[in-house]
Amino acid sequence: MTNSLEALTSLVAGGGVVVLSGAGLSTESGIPDYRGPSGVARRHTPMTFQAFTRDPVARRRYWARSHLGWRLIARAAPNDGHRAVARLQRAGLVDAVITQNVDGLHGAAGSDPVVELHGRLDEVVCLDCGNLTSREEVDRRLREANPDFAARAAAVNPDGDVDLPDEQVAGFRPVDCGICGTGMLKPDVVFFGETVPPQRVARCFALVEQARAVVVLGSSLTVMSGRRFVIRAAKRGIAVAIVNQGPTRGDGYATVCVDAPLGAVLPVLADRVAGGAAPLAAPAGV
């Protein structure tokens with residue numbers, strides 16, 4: 001295994017790349033990750049699908065926290081890393097992006113196609129009738145239902161959740177589906193204990209199997225949801241490269257690992273292989 005930007009550049013320059021991105025790519029947009037250098041330790045466990053659907057108190061607590069978290073994520077903008085990935089796609093070197101993130105920043109940066117493995121926070125689904133509603137519309141209804149809700153959040157987790165004390169969520173009122181009238185609303189993201197839709201997983205496996213290389217950006221690959229694609233690539237003899245700050249659980253499958261900030265590495269990589277600008281110097285140490 002090599003640890004250099006030169007090796008990464010050579011790999012990406014050959015094209016046929018599928019990017020697998022994680023929370024580390026969005027940290028420079030102000031959204032901290034869970035396990036990397038900017039990670040914020042939770043004071044509560046992530047919401048599970050079972051608790052959300054079965055416990056009205058847990059559901060109210062989640063919606064209060066997510067109501068604030070959504071506002072912070074909605075203000076986030078793509079960073080240099082997102083823009084570099086989109087540039088590599090426009091140059092025909094990256095065929096597709098598979099992202100574990102739910103912030104929508106790849107699409108906002110111009111990437112296409114993007115498979116959002118865990119869904120997206122800017123849409124809300126009714127668990128009864130299946131209707132999809134924009135998060136902006138649900139946010140408007142929640143503001144109307146909670147005119148006196150004055151809690152504030154200083155930081156947001158990658159899934160749009162924030163930390164709030166119980167006394168600040170006690171009187172919060174969730175809203176039901178605006179179409180069927182009584183259906184339970186849930187952000188259209190995959191909760192813990194919930195499975196990724198099988199057809200979405202199948203599409204990701206198909207993209208990986210057709211790729212010449214898989215490049216992981218900003219993911220510790222701790223959970224199998226993303227790591228399985230790296231394992232599949234390695235089993236098929238497809239090259240794997242990982243750019244992340246700190247070690248990952250996929251390092252043993254990689255032929256190239258670069259330990260550096262993505263906002264520094266990716267623009268340099270794009271300048272070197274996508275053309276249109278004088279090549280930039282590599283960040284120190286890579």
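Leave out its neighbours within four places in sequence, and Leu 88 is in contact (heavy atoms within 4.5 Å) with Val 12, Leu 93, Val 94, Leu 269, Ala 270, Val 273 and Ala 274. Bear in mind that this is a predicted model, where local features need pLDDT of at least 70, side-chain atom pairs count only at pLDDT 80 or more, and totals for chains, interfaces and linings use all residues. Residues are numbered from 1 along each chain as its sequence is written, and side-chain values use heavy atoms, with hydrogens and water left out.

**Cores**
- Leu 88 also shows up in the largest nonpolar core, a set of 29 residues where Leu 8, Leu 88, Leu 217 and Leu 266 have the most contacts.
- A nonpolar core here is a set of buried Ala, Val, Leu, Ile, Met, Phe, Trp, Tyr and Cys residues joined through side-chain atoms within 4.5 Å.
- Helix H9 gives the most to this core, with seven residues.
- There's a second, separate core of 28 residues, including Met 47 and Trp 63.

**Helix H8**
- The twelve residues of H8 (224-235) should span 16 Å at 1.5 Å a residue, and the end C-alpha atoms sit 15 Å apart, which agrees.
- That expected span is 1.5 Å times one less than the number of residues.

**Whole chain**
- The chain has nine helices and nine strands, taken as DSSP runs (H or I, at least four residues; E, at least two) numbered from the N terminus.
- Buried residues make up 52% of the 286.

How values were computed. Buried < 20%, exposed > 50% of the residue type's maximum accessible area, 1.4 Å probe, protein only.
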